[in-house]
Amino acid sequence: QVQLVESGGGLVQAGGSLRLSCAASGRSFNTYVMGWFRQAPGKERAFVAAISRSGGNTGYADSVKGRFAISRDNVKNTVYLQMNSLNPEDTAVYYCAARASGYNNIYYGTKEDFPYWGQGTQVTVSS
């Protein structure tokens with residue numbers, strides 16, 4: 001099992017940046033594929049980004065490509081989401097997710113793939 005705690009959300013103006021962090025407790029963080037999802041009011045939870053166990057492979061939703069970057073530190077048991085050029089459409093609760101994997105270089109892109117979730121952190125972008 002792994003427990004996930006997100007931090008770093010807040011209120012930012014359009015065009016600004018935020019960095020979200022997700023700290024994982026439990027053992028063997030480097031055996032988990034990590035992902036970020038977001039859920040805006042009245043909408044389904046949607047994929048944002050994911051990263052393989054090794055950090056060598058990443059994937060992004062089209063809406064955030066070129067603006068967001070996912071990374072991980074397997075020593076600190078933490079995954080990050082750097083968000084740049086934020087716009088009001090990025091306003092949502094952002095969730096960190098984890099899935100154990102036997103492969104170093106694959107990642108997953110749907111919420112059904114991830115059994116472990118954090119509690120979420122609110123990101124609000126004002127226009």
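I started at Gln39, whose bridge partner in S9 is Val93. Strand names here are DSSP runs (E, at least two residues; helices are H or I, at least four), numbered from the N terminus.

Ground rules for myself: this is a predicted model, with local features needing pLDDT of at least 70, side-chain atom pairs counting only at pLDDT 80 or more, and totals for chains, interfaces and linings using all residues. Residues are numbered from 1 along each chain as its sequence is written, and side-chain values use heavy atoms, with hydrogens and water left out.

Next I checked S4. Trp36 sits opposite Ala49 in S5. The S4–S5 hairpin leaves six residues between the strands, and Gly42 in the turn has a positive phi of about 75 degrees. I find seven of the eight S4 residues buried, so the strand is largely enclosed by the rest of the structure. Buried is under 20% relative accessible area, exposed over 50%, partly exposed in between (1.4 Å probe, protein chains only).

Then the disulfide (cysteine sulfur atoms within 2.5 Å). There is one: Cys22 and Cys96, sulfurs 2.1 Å apart. The S-S torsion is about -80 degrees, so I noted it as left-handed. Cys22 lies in S3 (18–25) and Cys96 in S9 (92–100), so the bond ties together parts 74 residues apart in sequence. Cys22 is buried at 0% relative accessible area, and Cys96 is buried at 0% too.

Last, I looked up Leu81: its contacts (heavy atoms within 4.5 Å) include Trp36, Val48, Phe68 and Tyr94.

Terms used:
Two strands pair if DSSP finds at least two bridges between them. Lists of a residue's contacts leave out its neighbours within four places in sequence.
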